[in-house]
Amino acid sequence: FAAEPLKSDRELVLEAVRQNGRALCFAAQPLTADRELVLEAVRKTGNALCFAAEPLKSDHELVLEAVRQNGRALCFAAQPLTADRELVLEAVRKTGNALCFAAEPLKADREVVLEAV
């Protein structure tokens with residue numbers, strides 16, 4: 001709800017996402033591509049990944065942090081990462097029903113499914 005110039009203030013937005021990762025939704029578009037800022041947001045609120053710029057949704061480390069906080073954040077990951085066994089295992093360990101966002105081959109992986117239940 002801040003004025004437009006403040007939505008581009010990196011320090012202000014960084015402090016906001018440290019309090020609540022979902023504050024990323026109010027950031028000016030260029031800041032949603034700021035890796036450090038988005039990493040802070042997903043560490044606080046995994047689902048803040050949905051507000052990240054598309055290229056960051058392909059960033060393995062960033063998505064891993066998001067699913068460690070909330071397994072369902074897997075639904076916002078770039079499609080190739082939904083087939084990444086390490087990421088999917090981490091997501092379903094945190095939130096079993098994150099399995100529904102995994103690539104089809106991983107839904108047939110016995111170990112992945114066991115982790116989800």
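**Reading helix packing, burial and cysteines**

The axes of helix H2 (residues 10-19) and H3 come within 7 Å and cross at roughly 15°. This is a predicted model, where local features need pLDDT of at least 70, side-chain atom pairs count only at pLDDT 80 or more, and totals for chains, interfaces and linings use all residues. Residues are numbered from 1 along each chain as its sequence is written, and side-chain values use heavy atoms, with hydrogens and water left out.

Q: What describes two packed helices?
A: Two numbers do: the angle between the axes and the distance between the axes. Axes are lines fitted to C-alpha atoms, for helices over the stretch in contact, and angles run from 0 to 180 degrees between N-to-C directions. Helices are DSSP runs (H or I, at least four residues), as are strands (E, at least two), and both are numbered from the N terminus.

Q: How is H2 oriented against H3?
A: Start with the classes. Angles under 35 degrees count as roughly parallel, over 145 as roughly antiparallel, 65 to 115 as roughly perpendicular and the rest as oblique. The axes of H2 and H3 cross at roughly 15°. That makes H2 roughly parallel to H3.

Q: Is the crossing of H2 and H3 left-handed or right-handed?
A: A crossing is left-handed if the near helix is turned anticlockwise from the far one by less than a right angle, and right-handed if clockwise. H2 passes H3 in a left-handed crossing.

Q: Which residues of H2 meet H3?
A: Contact means heavy atoms within 4.5 Å. From H2 come Arg10, Val13, Leu14, Val17, Arg18 and Gln19; they meet Glu36, Leu37, Glu40, Ala41 and Lys44 in H3. By class, this contact of H2 with H3 has five nonpolar, one polar and five charged residues. Ala, Val, Leu, Ile, Met, Phe, Trp, Tyr, Cys and Pro count as nonpolar, Asp, Glu, Lys and Arg as charged, and the others, Gly among them, as polar.

Q: At what angle do H3 and H4 cross?
A: The axes of H3 (residues 35-44) and H4 (residues 60-69) cross at roughly 20° and come within 7 Å. That makes H3 roughly parallel to H4. The crossing of H3 past H4 is left-handed. Arg35, Val38, Leu39, Val42, Arg43 and Lys44 of H3 meet Glu61, Leu62, Glu65, Ala66 and Gln69 of H4. The contact of H3 with H4 has five nonpolar, one polar and five charged residues.

Q: How far apart are the axes of H4 and H5?
A: They are 8 Å apart, and the helices pack at an angle of about 15°. That makes H4 roughly parallel to H5. H4 passes H5 in a left-handed crossing. His60, Val63, Leu64, Val67, Arg68 and Gln69 in H4 meet Glu86, Leu87, Glu90, Ala91 and Lys94 in H5. The residues of this H4 and H5 contact divide into five nonpolar, two polar and four charged.

Q: Is valine 38 buried or exposed?
A: Buried means under 20% relative accessible area, exposed over 50%, partly exposed in between (1.4 Å probe, protein chains only). Valine 38 is in helix H3. Its relative accessible area is 0%, so valine 38 is buried. Not counting residues up to four places away in sequence, valine 38 touches Leu24, Leu31, Thr32, Ala52, Leu56 and Leu62. The C-alpha atoms of valine 38 and alanine 48, ten residues apart along the chain, are separated by 7.9 Å.

Q: Where is leucine 81?
A: Leucine 81 sits in the loop between H4 and helix H5 (85-94). Leucine 81 is buried, at a relative accessible area of 10%. Beyond residues up to four places away in sequence, its contacts are Lys57, Ser58, Asp59, His60, Val63, Leu74, Leu87 and Val88. Leucine 81 and valine 42 are 39 residues apart in sequence and 16 Å apart in space, C-alpha to C-alpha.

Q: Which residues does phenylalanine 76 touch?
A: Not counting residues up to four places away in sequence, they are Asn47, Leu49, Cys50 and Lys57. Phenylalanine 76 lies in the loop between H4 and H5. At 26% relative accessibility, phenylalanine 76 counts as partly exposed.

Q: How many disulfides does the count give?
A: A disulfide is a covalent bond between the sulfur atoms of two cysteines. The rule here is a pair of cysteine sulfur atoms within 2.5 Å. The count comes to zero disulfides.
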